[in-house]
Amino acid sequence: MKTRLTDIKINTGAIIKTIEDNTLITKMFEFGLLPGTKITIINKAPFDGPISVLVDDSIIALREKEAHFILMEN
Amino acid sequence: MESKKIKIALVGNPNIGKTTLFNRLCGLSQKTGNYPGVTVDKKIGEFTFNQTDFEVIDLPGINSLYPKSKDEELVIKYLEDAEGDNYPDKIVVTVSALHLKRNLYLFHQIKDLEIPIVLAINMTDVAKKRGITIDEQKMSNLFKCPVIKISAKTGLGLNKLKETLTQTIISDPIEVTYTNVFTEKELETYKHKYQKLSKYHFFLSVTNHQLNIDEVLEQKNTTERKLRIDESILRYKFIRSYFDEIVKVDESKAVDFTTRVDRFLLHPFWGYVIFLFILFSIFQSLFVIAAYPMDWIDLGVNYISEVTKSALPSGYLTDLIADGIIPGIGGVVIFIPQLAILFLFFSFLEESGYMSRIVFLMDKLMQRFGMSGKSIVPLMSSFACAIPGIMAARTIENKKERLITILVSPLLTCSARLPVYVVLISLIVPNEYIGPFSLQGLIMTAMYLLGIITALLAAIVFKWILKGNYKSTLLLEMPQYLWPNGKNILIKIWEKVSSFVLNAGKIILASSVILFVLATQGGEDFDNAELIVKSNTTNAVGFEEKVNAFKLENSYLGQLGRTIEPIIRPLGYDWKIGIALISSLAAREVFVSTMSTIYSIQSNENMTIINRLKKEKKPTTGKAVFGLATSISLLLFYAFSLQCLSTVAVTYKETKSIKWTAIQFLYMSIFAYAVSFLAYQFLN
């Protein structure tokens, strides 16, 4: 089973394993969402809305659809 | 001889206090212009330090040198154009101590452009409190350029920054950290071959698809996209390699405050309650607080007009000033309280970092309406004015979402509608209170809601019409919460209010003068008004007013109004309202000043516009002209029709499409006519 960012619960930290290819991948990298980075989920908007994650010293919001491409270490 | 000014460009990520720094450096000696061809604000300011004159250009905030939006494209073009007029002599890259790792990414990109550069680390005071300590000396040695810790808010380190800018900046290139496909030597060769300013300029022109070197890329077994991805990975790798040595972070303390506040403000239930409460407070204070200064302005303008009339020798010119120009200016000035309150709230939301939380909260919902969470900012700005709203839609990457946002923005209740609403609501709703709420305020809130609901419904229709499968995405940074800077907010309010007053003022003043002239000139009947009225009336009571009324009806303006009367009669409007409709085609707020011009020409008494309208009776039935049916019909007409030339102009500028500009104008006008027609026919 692959663990995706969307599977991680609020308030838990995890390390990015890889990011599957998608249209936003360059932007994700620029925002510091890189393989090997530790991130923490901070909030999830209701009704499958966006997810906010702590990456280094920044909080980044992304949609569930895009968070799906981010694979996490188990 | 005037010495040459040193040109400084301020570059940095969004929300890092770059504007605060700009305001600190230049104070009020700044002006906002436009970049050629696009409607991005270009802010230029000046300051002098130790007899050296500086010109500072504040560039829009960007995240990287790969353009994704119009703003970013512009900055990159600017930094690449060495021949350009405003090409900087020196660059100040501003980064936030709170988001250092991410901001350094952009810094390294700019640094590689090899323009003399100073790195200013902002918010160092807040960072200290949040457990972040930075060793700028180590950074300076590593980056081979000056690094200065500042706090734009308190002014800390600014003298040092200015002093550094006065001297020759020693900034040397560091080793290439952005690619492992090209060697340093290869980059150097290409730089000369394609006559680029730096190795990185060459690299950028390849990855930004300006320079086609497909054969080389093929030979190296890479693509533009791969080069970009590698650049991100390599740059972050580089940043990580030194980061822990220069910055000590007490992790838990650093972002703790923001995440704790977020748990509350982004709560799946309470987050929305708070958001709605904030919206409601804005609307209530708009109506309740702004009402007082607006009354004073209204009375003051009447008073000034009266004094002018008695002080100047009577004649056409005096009338033009007292009844045309002064009420015209009054019609602009009366906006100031509400605009100031609106911009106060907006800049507070933006500066504190809450605006991006609204994007987060509303994204899912907005997608149902064919828009994105990012549409919230343009839509909320449209409550002040659709023009900055439509311009703010530029940050939406997706074309379809952006177009829908632009098309529905003018349906939201802009401040130009407020004076019209205020007058009409005062005519039909008694000034009473239900509990703590003003009844008129509640009706006003209902008008806002009507605007919101209509905009959303229109968005659904457009979503359904515009089929297209554009990929819609959202990836945004949510800045840490900060207490807003009072000076920044004041400067922003001043900037927005003065530009509105100047722009709207020109239109309103011009139309007031034209109206006055048209209302006081006419054909033969107009010139012989006294004789005609005398022969038709036996009663001497109110003779003068009857003459004035007859004159107005037969003036050029009256003739124009009567020509369109058949079209607007089904909506419950007479020819006088018709005149106001025509004149407010340029701008809605002209409605009120037109009404006051029309009625002050007609009557010699001085009273406020609302009392004057209340007194107005239909000549045929003796009923009030502004009865319930007509007033509601007018309210609805102004809620939905696109009576604002500037909006039409800015929609065209932003969409570059005559088709969509026309569609926006027509769908709103037709809808406004239909709804007003139904309302009047039903209520009358």
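This is a predicted model: local features need pLDDT of at least 70, side-chain atom pairs count only at pLDDT 80 or more; totals for chains, interfaces and linings use all residues.

Trainee: Then why is L34(A) called buried?

Mentor: Its relative accessible area is 3%. The limit is under 20%, so L34(A) is buried. You'll find L34(A) in the loop between α1 and β3 of chain A.

Trainee: What does L34(A) touch, leaving out residues up to four places away in sequence?

Mentor: I16(A) and F29(A), plus S232(B), I233(B), Y236(B) and R240(B). Contact here takes heavy atoms within 4.5 Å.

Trainee: Where does S232(B) lie, and is S232(B) buried or exposed?

Mentor: S232(B) sits in helix α10 of chain B, residues 224-246. Its relative accessible area is 0%, so S232(B) is buried.

Trainee: How do you know whether R63(A) is buried or exposed?

Mentor: By the value again: 3% relative accessible area, which means buried. R63(A) is in the loop between β5 and α2 of chain A. Among the residues R63(A) touches are P50(A), D363(B), E401(B) and L474(B).

Trainee: And what makes the pair R63(A) and Q367(B) a polar contact?

Mentor: The cut-off is a pair of N or O atoms within 3.5 Å, one able to donate a hydrogen and the other to accept it. The side chains of R63(A) and Q367(B) come in at 3.3 Å, and that pair is listed as a polar contact.

Trainee: Why is K144(B) called partly exposed?

Mentor: K144(B) has 40% relative accessibility, so it falls in the partly exposed class. K144(B) lies in the loop between α5 and β8 of chain B, and has a positive phi of about 55° although it is not a glycine.

Trainee: Where is M123(B) found, and is M123(B) buried or exposed?

Mentor: M123(B) is in the loop between β6 and α4 of chain B. At 9% relative accessible area, M123(B) is buried. M123(B) also has a positive phi, about 65°, without being a glycine.

Trainee: Switching to strands, why is β4(A) described as largely enclosed by the rest of the structure?

Mentor: Count its residues: 5 of the 5 are buried, so β4(A) is largely enclosed. I51(A), V53(A) and V55(A) point one way and S52(A) and L54(A) the other, and all are buried.

Trainee: How do you know that β4(A) pairs with β3(A) and with β5(A)?

Mentor: Pairing needs at least two bridges. β3(A) and β4(A) have 5 bridges and are antiparallel, with K44(A) and I51(A) as bridge partners. β4(A) and β5(A) are also joined by 5 bridges and run antiparallel, with V53(A) standing opposite I60(A).

Trainee: What about the turns in those hairpins?

Mentor: The hairpin of β3(A) and β4(A) has 6 residues between the strands, and F47(A) there has a positive phi near 55°. In the hairpin of β4(A) and β5(A), with 2 residues between the strands, D56(A) has a positive phi near 50°.

Trainee: What makes β1(A) and β12(B) the edge strands?

Mentor: The open sheet has 7 strands in the order β1(A)-β6(A)-β2(A)-β3(A)-β4(A)-β5(A)-β12(B), with antiparallel pairing. β1(A) and β12(B) each pair on one side only. β1(A) pairs with β6(A) over 2 bridges, R4(A) being opposite L71(A). Helix α15 of chain B packs on the sheet, touching β3, β4 and β5 of chain A together with β12 of chain B.

Trainee: Last one: why are α26(B) and α29(B) called roughly parallel?

Mentor: Their axes come within 13 Å and cross at roughly 10°. Angles under 35 degrees count as roughly parallel, so α26(B) is roughly parallel to α29(B). I577(B), A580(B) and L581(B) of α26(B) meet T630(B), L634(B), F637(B) and Y638(B) of α29(B). Those residues divide into 6 nonpolar, 1 polar and no charged.

Notes: Residues are numbered from 1 along each chain as its sequence is written. Chains are lettered from A and ligands numbered from 1 in the order in which they are written. Side-chain values use heavy atoms; hydrogens and water are left out. Axes are lines fitted to C-alpha atoms, for helices over the stretch in contact, and angles run from 0 to 180 degrees between N-to-C directions. Helices (H or I, at least four residues) and strands (E, at least two) are DSSP runs, numbered from the N terminus. Angles under 35 degrees count as roughly parallel, over 145 as roughly antiparallel, 65 to 115 as roughly perpendicular and the rest as oblique. Ala, Val, Leu, Ile, Met, Phe, Trp, Tyr, Cys and Pro count as nonpolar, Asp, Glu, Lys and Arg as charged, and the others, Gly among them, as polar. Buried means under 20% relative accessible area, exposed over 50%, partly exposed in between (1.4 Å probe, protein chains only).
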